[in-house]
Amino acid sequence: MNPQYPLDVELGDGTPLRLRLATPDDRDALAAGFARLSPESRVARFFTGMPDLSNRLLDRLLDIDGSRHVAIVGQDISRMSDVEQQSTGLGVGVARYITSSTDATQAEIAIAVIDEYHGRGVGRLLLDALIDHAVDSGITTCTATVLSDNTKMIRLLASMGAMPRWDPGDRTVVEFEIPSFQISPHRTLSAAWPVMPARIA
Ligand SMILES: CC(C)(COP(=O)(O)OP(=O)(O)OC[C@H]1O[C@@H](n2cnc3c(N)ncnc32)[C@H](O)[C@@H]1OP(=O)(O)O)[C@@H](O)C(=O)NCCC(=O)NCCS
């Protein structure tokens, strides 16, 4: 069952992380997070190097409606936000899914974690939360398209039981499929991570 957001959890190293649902008002937060991605992470996420998020891309990423397009943000609440309006929590990552326009049970997922926080469990946590949300919302298959040299994401997806599908015509990318029957049994956020008392309602 979907947890109530915002949800406060801890990373393995004790870092307090708030998970919350992103909204269309997250424009500044998204731009601030992008600014903290290395050039390599930008390419890994968007398949192209770019100095800034264009307004057009920002519009697309913020076209969040809570069902067809859902995004979960992780904020380190021991640090100050980059964005003035939000008093607590440095945005450290965002994971999203967008359902297929022809089949609402299929969704494409994507994720980015700022480089400073790589390897600390944020990616796994966000992906778990996102897939929990997807399964709960009736999505049966999540797919992810990943550059074939993106070892971190490939290992992360493989460890979640995702199956790679190679396109023989294009070896630069690999598509992963995460069917819900593979992912649902072991995923309960509250069981996997200590939940701290939510500091905001
Ligand atoms: C891929 C990405 C989301 C992983 O996030 P993360 O917070 O570093 O991942 P985690 O710390 O939760 O690690 C999860 C798993 O990823 C893999 N991983 C993490 N760091 C790794 C590293 N340096 N080398 C190899 N594998 C690594 C491991 O399988 C790890 O599992 P473990 O916890 O059992 O060791 C992050 O590197 C990122 O944002 N990259 C740029 C954007 C991108 O590649 N997006 C994916 C395309 S949509």
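The shell around the ligand splits into eight nonpolar, six polar and five charged residues. For the bookkeeping, Ala, Val, Leu, Ile, Met, Phe, Trp, Tyr, Cys and Pro are nonpolar, Asp, Glu, Lys and Arg are charged, and the others, Gly among them, are polar. A quick caveat: this is a predicted model, where local features need pLDDT of at least 70 and side-chain atom pairs count only at pLDDT 80 or more, while totals for chains, interfaces and linings use all residues. Numbering runs from 1 along each chain as its sequence is written, and side-chain values use heavy atoms, with hydrogens and water left out.

Okay, so who is in that shell? There are 19 residues around the ligand, and Val 113, Gly 121, Gly 123, Arg 124 and Asn 150 come nearest; being near takes a heavy atom within 4 Å.

Now the polar contacts, meaning pairs of N or O atoms within 3.5 Å. Asn 150 puts a polar side-chain atom 2.7 Å from a ligand oxygen, and Arg 124 has one 2.8 Å from an oxygen atom of the ligand. From Ile 111, a backbone N or O atom sits 2.8 Å from a ligand nitrogen. On its own the ligand exposes 930 Å², and the protein buries 77% of that, going by Shrake-Rupley with a 1.4 Å probe.

Which elements give two or more residues to the shell around the ligand? Those are α2 (39–46), β5 (106–113), α4 (122–136) and α5 (151–159), with helices (H or I, at least four residues) and strands (E, at least two) taken as DSSP runs, numbered from the N terminus.

Moving on to salt bridges, each one a Lys or Arg side-chain nitrogen within 4 Å of a carboxyl oxygen of Asp or Glu. The whole structure has eleven of them. In one, Arg 18 pairs with Asp 8, with the closest N and O atoms 2.8 Å apart. Arg 18 is in strand β2 (residues 16–21) and Asp 8 in strand β1 (residues 7–10), so this pair ties together parts ten residues apart in sequence.

Most residues other than glycine have a negative phi, and most peptide bonds are trans. Tyr 5 and Pro 6, though, are joined by a cis peptide bond, omega about 5°, and Pro 6 is in the segment before β1. Then there's Phe 47, with a positive phi near 65°, in the loop between α2 and α3 (55–61).

Methods:
Polar contact = N/O pair within 3.5 Å; in protein donor to acceptor, adjacent residues only side chain to side chain.
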